[in-house]
Amino acid sequence: MRTAYGDNVDTIRYFYKKPGKIRMEFMEPHAGTVLVYDPAKKAVTLRPFASERELNLTLGPGASLVKGPLGHRVDESDIGVMITRARLLMEHGQARVLGEENIGGRRTTILEVESGQGFSLAGTTRWLISLDEKNWLPLRIMAYGESGNLIEDLRMDDLELDVQMDDSLFRP
């Protein structure tokens, strides 16, 4: 997963396993940092340095130390949450197909979701969502603000589905 916002780019290996287990391995800019979210405990374990396996911090998912630069929470980072937000934006506005593009060797359909007058989600009023034509999951989401400025460009061009993952991957 690559997220660009302003002049910054985050590169993260992102793992998700139902019912809400998340593991993020940061490649850039905080190389070696690992974050694990346990939905049963509603807790985030953060290991800030790759070499220090004993140094783990346990925090709530809303703690400022584990929120993304744009205020995203780890417990609200999965594709299901993104789809729910896109649907909410569409319910207060409109959606239309803009065309197609190729992302990571996959054909996608570009869907524009735009809010109606006076409605925004955390300052976002328009999304361009590139949906994989095989599974209809987003491979790219571009979020725009009220003034039309690009706020965030999220790419998941290496998205893999139905990968068998052992529960030990989701332990700190």
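**View 1. The largest nonpolar core gathers around Trp127, Ile129 and Ile141.** Of the 16 residues in this core, Trp127, Ile129 and Ile141 are the ones that touch the most other members. A nonpolar core here is a set of buried Ala, Val, Leu, Ile, Met, Phe, Trp, Tyr and Cys residues joined through side-chain atoms within 4.5 Å. Buried means under 20% relative accessible area, exposed means over 50%, and partly exposed is in between (1.4 Å probe, protein chains only). Helix 1, strand 9 and strand 10 are the elements that give two or more residues to the core, and helix 1 gives the most, with four residues. Apart from this core lies another one, of ten residues, among them Met24, Val44, Val66 and Val74. As background, nonpolar side chains tend to be buried together in soluble globular proteins.

A quick word on what you're looking at: this is a predicted model, where local features need pLDDT of at least 70, side-chain atom pairs count only at pLDDT 80 or more, and totals for chains, interfaces and linings use all residues. Residues are numbered from 1 along each chain as its sequence is written, and side-chain values use heavy atoms, with hydrogens and water left out.

**View 2. Zooming in on Ile129 and its contacts.** Leaving out residues up to four places away in sequence, Ile129 touches Ala86, Thr109, Ile110, Leu111, Val113, Pro138, Arg140 and Ile141. Contact means heavy atoms within 4.5 Å.

View 3. Helices (H or I, at least four residues) and strands (E, at least two) are DSSP runs, numbered from the N terminus.

View 4. Two strands pair if DSSP finds at least two bridges between them.

**View 5. Strands 3 and 4, and the loop between them.** Strand 3 (residues 21-28) and strand 4 (residues 34-38) run antiparallel and are joined by four bridges. Met24 has Leu35 in strand 4 as its bridge partner. Thr33 sits in the loop between strand 3 and strand 4 and is buried, with a relative accessible area of 10%. Setting aside neighbours within four places in sequence, Thr33 is in contact with Met24, Glu25, Phe26, Leu46, Arg47 and Pro48. A polar atom of the Thr33 side chain lies 2.9 Å from the backbone oxygen of Pro48.

**View 6. Gly71, in the loop between strand 6 and helix 1.** Is Gly71 buried or partly exposed? Gly71 is partly exposed, with a relative accessible area of 38%. Gly71 and Ala122 are 51 residues apart in sequence, and their C-alpha atoms are 9.1 Å apart in space.

Definitions and conventions:
Polar contact = N/O pair within 3.5 Å; in protein donor to acceptor, adjacent residues only side chain to side chain.
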